Structures are given as C-alpha cells and as structure tokens.
Amino acid sequence: MAAPNKLFLGSFVHSKKLKEIESLHNAAVAVDSSGKIVAVEKDCSEGRARETVLPRLGWREDEVEVVRAADGQFFFPGFIDTHIHASQYPNVGIFGESTLLDWLKKYTFPLEASLADSTKARQVYTRVIRKTLSHGTTCAAYYATIDVPSTNLLADLCHTAGQRALVGRICMNQNSPDKYRDASVESAIADTRANIEHIRSIDPSMALVRPIITPRFAPACSVDLMRQLGALAKETGLPIQTHISENTAEIAFVGELFPPSVTGAADDTYAAVYDACGLLTERTILGHAVHLTDSEAELVARRKAKISHCPCSNSALTSGAAPVRRQFLDRGIACGLGTDMSGGYSPSVLEAARQAALVSRQVVLSGTVDGKREDGAALSVDEVLYLATRGGAEVVGLADKVGAFEVGMDWDVQLIGLNIVGEDGEVINGDGDGGDVDVFGWESWPNQVAKWVYNGDDRNTKKVWVKGRLVHERR
Ligand SMILES: O=c1[nH]c(=O)c2nc[nH]c2[nH]1
C-alpha cells in the first residue's frame, strides 16, 4: 500500500545559512507519498492548512495523515553523520590512553577483523543502525570492514531499516595485520566492485543506500591501490571517503612512505599524495584534516573536496583541535560533522555538534596556530547545527535533497521534544522521558535551541523520518 500524504503542523527549526537558524511557528509542511516536501506554509493554522493547502495540492482530508508537534516540540532536519565506523560500535568509549596508530593496532583492527563472523556482524550492525536512528541520524557515511559479505549485510540492514546511507568496504593492503588486509590490489578492487554491485542490486536508483569507495588511509594503501581506487571512482562516478592528517605521527609516516619520487606528486604532503592518485575529487569526504598545512587546504579547496570534522574523536585520541573556521569555512570548503565512532566516543551527532562548539573555543584559547591568531575561531550554536545538517548534506552530495524544510527536499526529519516546567517546578508536558533540557517559558527560541544543543540527547529525539517514512519512535 502506498504511504499516505502527510501534513506536519507546529514549529519547525532549520538552518537557512551557516550563521542563520530560522524558526517557523504555527507553520505547515506537506509531504507527499514519495516523501518529498511539496509545500511549506508560514503562519498557517491547521484550519487554514485544511482549507487552502490541501485543496491546492488536490489532497482529500480523509486521506492525509496529520502529525502535530505538541507544546515543547519542534521539527528539525535529521542529522547527517559524515564519518562513522559502523564496525567499531562495540568499542565505543574504549580507547584508553592510546593515540591513532597504536589505537588502530590494539583496539580497532582486531574488532573489525572479527566481524567476518556474520552472526556478530548482524548483531553489531543492527544495533548501530537502531542507535544512530534513535539519535536522529537520518543519513550516515559508514565505513564497514574489508569483508564483503558483512559489508553487504550492512547495506541490506540500512535499506530495510530505512536509514539513508553511504556504505564503504574498507581497502587496506599494507601496514595492516596479516589476517586483516587485502591480499592484493586486484582482490581489493574485485571485492570493492562486488560490494558496489550488491548495493546496486538492492537499491538500483541509489535512492536510499549508495556505495562509497573507501581507501582506509594512505599508510594502509599502496600507491597502486590508491591509483586504482581513484580510477574506479572516476569510472563509476561514486564518492570516496578516507582519512587525512589526523595525527602528527601518521603525517610523518605518510611523508616517509610516499616521497614525490614514489607518487609523482609535487610534494610529500598528505593531500598531494591523494591528489596524485586521483583521490582528491569533488565527491571525496576527508575525515579529520586536523593538521592540514595552508597549501594543502588550498589544494583541497581547489579540488572541491569535502571535510568531515570529527571533534569527539580528535579529542579522545589526542589528535588535535582542527581550526575549522580558518582552514575550512573561510576557504569555502564544504564541511560537515562526523562522530567517527569509535575513535569518537559517542554515536550522537548532537554530541559532535556540542564538541565542535567547545573545541572551537579551545582553538581560540590556543592563541595562535602557526603564528596566526585564532580569535574568530569559536563556532556558534547556529553554525554547528548547520554543519550537522546542511553542511553534512553538501559533504555527502545531497545538498539539494536533505538538510532543511524546502519544497523539493525529502522529509528526513526528527521531532525534538523538550521539558516544559510548570509553576510548581514539575514537568507539565511530554512523556516523562524528556531528558535534561528544562524550558521555563521565558527563553527565546534561539535560547531553547541552544539548551538542546548543550544538554540534549536521544531522550529528546521523539520521532525520526527518512523520505517520509517513520523509522524511529521513542517509546
Ligand atoms: O579515527 C580513525 N579511525 C579509523 O578507523 C582509522 N583508520 C585510519 N585512520 C583512522 N582514524
């Protein structure tokens, strides 16, 4: 049976631009049976919506499902996690004192290798999808593992659960454990193609799930492998995801492994290595980019590659504080947020937004970076929410499809609920499960949203839809 047309009523909050959040109250948004927004009406009561909007759309009242945001609730675009390792979820919060290269060896490679067990993979991936949806993540750029069947399974599970996803089979053929690496460049390419074919078979129009070419990071890939993956991306037009300049030891290792004589690059910088291999494209998502030099950032901007800022992980693994404004935003580089679970300790993009705001203040406090003052580095609530939604949409190549309430976009949305505190100090609305965000009634809308950003969690995410389909409801 076709999904019904839907009419959403109440308050809507979304980013218009990087520095501008818009709140619409007493508004109506109509969503057709394919999940597309077909009308956005400001100052529109339910009665007016029924009298004018529905007839204009040719919709019969009795065929329309009406969803109302109650007092203390508002609709907000779904979050986009631009960098998340689905396979690492069981390790979330487990990183000890390690930094990137020893963390990979001690915690990460053994866990990823173990997911070749299909029972374990199903258990972990099912949980990851449920968990991220419950935190309002409507779209995720997932790294899986090198194993084809379980990576295919992740794609299947996203498709069934209704989560929009980019799913990547990891490629790594050097500086990796003997039992967890691609046997050859040929097998890595063949396995990547097999994963691409599988995803095309379950979602031929890539409406929900699409493949993404995934060289893990330069140290784990030979030049030949990176070049062939660059060629595959060109041949297929598919996006690419990888890591760049996360940690200073990693960057030094890249310099040792890939001198210009090996890559043919102009220099031995990390970005130049990827560029020489055809991996720096306008469809490339670069995770981290904490320590890019100015000339690397300029190269990234020229190639129109995108950046996933992963503040939780950058702090947890002591990688550094990325100067987001100076290096990315001021250069016009598209930037979104990544949880980078389990380098990051949380599956929540809201947590990543909060940490992006806090880490940006650490960048200010650091005074100077490379002799440059960082006074303007602090990111506002409006800016981190932009990165979590519209910025992320641009990073994953869906800027015209998701991230805001605009006619023509898909209804990928979360319903947020906050506690309203009555005169007796008790919460007077909701289901008694409203989390930590208490609203007293005198806060402006921007301040209510700020309270959600700094104190909210999955208890505030009451419902989640992707392409108009309800994919999570908090019980
Ligand atoms: O945060 C990270 N997580 C990883 O799994 C990884 N692999 C390479 N570089 C990485 N960084």
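Predicted model: local features only at pLDDT ≥ 70, side-chain atom pairs only at ≥ 80, totals over all residues.
Two strands count as paired here if DSSP finds at least two bridges between them, and by that criterion strand E13, residues 284–288, is joined to strand E14, residues 306–309, by three bridges, with the two running parallel.

On confidence, the chain averages a pLDDT of 97, and 99% of the residues score at least 70, while the model as a whole scores ipTM 0.98 and pTM 0.98.

Let me stay with the sheet that holds E13 and E14. Four strands form this open sheet, in the order E12-E13-E14-E15, and the pairing is parallel. Strand E12, residues 240–244, and strand E15, residues 335–337, each have a single partner strand and stand at the edges, so one side of each is left without a neighbour in the sheet. From one strand to the next the twist averages 30°. Helix H14, residues 381–395, packs on this sheet, where it touches E13, E14 and E15, and its direction makes about 120° with that of E15.

There is another open sheet of four strands, in the order E6-E7-E8-E10, and its pairing is parallel. Here the edges are strand E6, residues 79–85, and strand E10, residues 209–211; each has a single partner strand, so one side of each is left without a neighbour in the sheet. The twist in this sheet averages 15° from one strand to the next. E6 is joined to strand E7, residues 137–143, by five bridges, the two running parallel, and Asp-81 stands opposite Ala-140 in E7. Helix H4, residues 148–161, lies across E7, E8 and E10, and runs at about 175° to E8, the strand at residues 164–168.

E1 and E2 form a hairpin with two residues between them. E2 is in turn joined to strand E3, residues 37–41, by four antiparallel bridges, with Ile-37 in E3 as the bridge partner of Val-31. That hairpin, E2 with E3, has five residues between its strands, and Gly-35 in the turn has a positive phi of about 95°.

How is the chain divided into domains? The assignment gives domain 1 as 5–77 + 405–473, and domain 2 as 79–395. The C-alpha centres of the two domains lie 31 Å apart, and 22 residues of domain 1 are in contact with 24 residues of domain 2. On the side of domain 1 that touches domain 2, the elements that give two or more residues are strand E2 (20–31), helix H15 (445–455), strand E21 (461–466) and strand E22 (469–473). The largest share of that side, four residues, comes from H15, and its residues divide into ten nonpolar, five polar and seven charged.

I will finish with the ligand. Which helix gives the largest share of the shell around the ligand? That is helix H2, residues 100–114, with three residues. The residues around the ligand include Leu-100, Leu-104 and Thr-108, along with His-85, Arg-216, His-243 and Asp-340. Taken as a whole, the shell divides into three nonpolar, five polar and three charged residues.

Note on methods. Residues numbered from 1 in each chain as written. Near = placed C-beta within 6 Å. Nonpolar A, V, L, I, M, F, W, Y, C, P; charged D, E, K, R; others polar. pLDDT = per-residue confidence, 0-100. Domains from an automatic or database assignment. Contact = placed C-beta atoms within 7 Å. Axes fitted to C-alpha atoms, helices over the stretch in contact; angles between N-to-C directions.
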